[in-house]
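User: Hello! I'm new to this structure and would like to go through it with a few questions. Could you show it to me?

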There are 2 protein chains.
Amino acid sequence: MASISDLTIAVLGGTGPQGRGLARRWAGAGLSVVLGSRSTERAAEAAAALAEATGGDLRGASNHEAAAACDLAVVAVPYDGHADLLRALAEPLAGKIVVDCVNPLGFDQQGAYALPVAAGSAAQEAAEILADSTVVAAFHHLSAVLLDDPEVSSIDTDVLVLGDDRDATDLVASLADVVPGLRGVYGGRLRNAHQVEALTANLISVNRRYKAHAGVRVTDI
Amino acid sequence: MASISDLTIAVLGGTGPQGRGLARRWAGAGLSVVLGSRSTERAAEAAAALAEATGGDLRGASNHEAAAACDLAVVAVPYDGHADLLRALAEPLAGKIVVDCVNPLGFDQQGAYALPVAAGSAAQEAAEILADSTVVAAFHHLSAVLLDDPEVSSIDTDVLVLGDDRDATDLVASLADVVPGLRGVYGGRLRNAHQVEALTANLISVNRRYKAHAGVRVTDI
């Protein structure tokens, strides 16, 4: 298995807050990043701004071009457009590792709650659609605010990495480890992804109650 | 709302590993504990052993007697018998805070996984059955091995406390805070209990991979 520093990372949905923040951190860590978006123009603008801010290797592209150009793709789109985007990208993503960090959540006056997903979780839905890719679930609990804040030099949280392929989960854990503060921790098989995605609703409750940008650390490891 | 140190705590299922470990910690912290079990005799034996080990205030009783005698009850039974036990105890538990720490999990050759629960979660099931009690969900992720080991003086984990009644969740958070190492953290409403219960499956995967007794800390609070 290649080292993460040799790979080109696509961030699909890279102009959204989560995707943009992840792209910023990875470019800052010296990785080669292609930022994908529905709009090539917005992707190019965001990539240029992040390249200037980080001094890193970033370029913008359509989601399809980014999927085709990368070795490993990170899916950071709202759950709404998740299945449609993946169906459209199944071919360029074939044979690659696809990291799903989508949280299927609803919001009402009482706050956030987990949406039911027929496949069990967004990650399992991705695995069903991308039958020729290796799907890994990770990066669910990161605060987009902290990720995208250039004044924040280190983010105090573990990244739970779930999947059924050991080489792939190890590689994705290393994608967490390159970001200061983050630590990749194996968190189980893909069939246990639902609760990790849904836990984001609880962290939103924590953030409201304690006025925080909460993360999660696993103890005793 | 009373202080936790003025209350009598029942641990229902108190001769199981989780219940016994919790009873040990609370008795060691100076709380008054009634250990409930299907067998009054086994409850009395376990309570006597824990009282000797901790110097604390413990006695054994049937689950029904413990439910009747307590101010606050903790449900630490296997999910199998959860609904039946609560139906049988609805009357003595009326008007009281009931803390559900049950994890509905299945196990197969690939490890642990979350069982579907018609009510959404064990805690919501408890709330449906115990219409006259105030149900709080907490203490899901504690290692029974660490809890029940007298050589372990402090346990490095937060306790996520979920519920719809602020006074009740605050009180139950204080029930975590009295145990060295534990910290009670509000984790959202009862409708978001499922993923907290199910996350125990992920921690079991962590424990296998890293040969650990993993806990969870919430960062930035």
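Predicted model: local features only at pLDDT ≥ 70, side-chain atom pairs only at ≥ 80, totals over all residues.

User: How are the axes of helix α4 and helix α5 of chain A arranged: roughly parallel or roughly antiparallel?

Analyst: Helix α4 (residues 82-93) and helix α5 (residues 122-129) of chain A have axes that come within 9 Å. Their crossing angle is roughly 30°. Angles under 35 degrees count as roughly parallel, so α4(A) and α5(A) are roughly parallel.

User: Which residues of α5(A) meet α4(A)?

Analyst: On the α4(A) side, the residues are A:H82, A:A83, A:L86, A:R87 and A:A90. By class, this contact of α4(A) with α5(A) has six nonpolar, one polar and two charged residues. The residues on the α5(A) side are A:A122, A:E125, A:A126 and A:I129.

User: How does the radius of gyration of chain A compare with the globule rule?

Analyst: Chain A contains eight helices and 11 strands. For its 221 residues the globule rule gives 17 Å, and chain A comes close to that, so it is as compact as a globular protein of that length. The radius of gyration of chain A is 16 Å.

User: What share of the residues in chain A is buried?

Analyst: Buried here means under 20% relative accessible area. Of the 221 residues in chain A, the buried share is 58%.

User: Moving to chain B, is helix α1 oblique or roughly parallel to helix α2?

Analyst: Helix α1 (residues 17-28) and helix α2 (residues 40-54) of chain B have axes 10 Å apart and pack at an angle of about 40°. That angle makes the relation of α1(B) to α2(B) oblique.

User: And which residues of α2(B) make that contact?

Analyst: From α1(B) come B:R20, B:A23, B:R24, B:A27 and B:G28. The contact of α1(B) with α2(B) divides into five nonpolar, two polar and two charged residues. From α2(B) come B:A46, B:L50, B:A53 and B:T54.

Key:
Residues numbered from 1 in each chain as written. Chains lettered and ligands numbered in written order. Heavy atoms only, no water. Axes fitted to C-alpha atoms, helices over the stretch in contact; angles between N-to-C directions. Helix = DSSP H or I, 4+ residues; strand = E, 2+ residues; numbered from the N terminus. Parallel < 35°, antiparallel > 145°, perpendicular 65-115°, else oblique. Contact = heavy atoms within 4.5 Å. Nonpolar A, V, L, I, M, F, W, Y, C, P; charged D, E, K, R; others polar. Rg over C-alpha atoms; globule rule 2.2 N^0.38 Å. Buried < 20%, exposed > 50% of the residue type's maximum accessible area, 1.4 Å probe, protein only.
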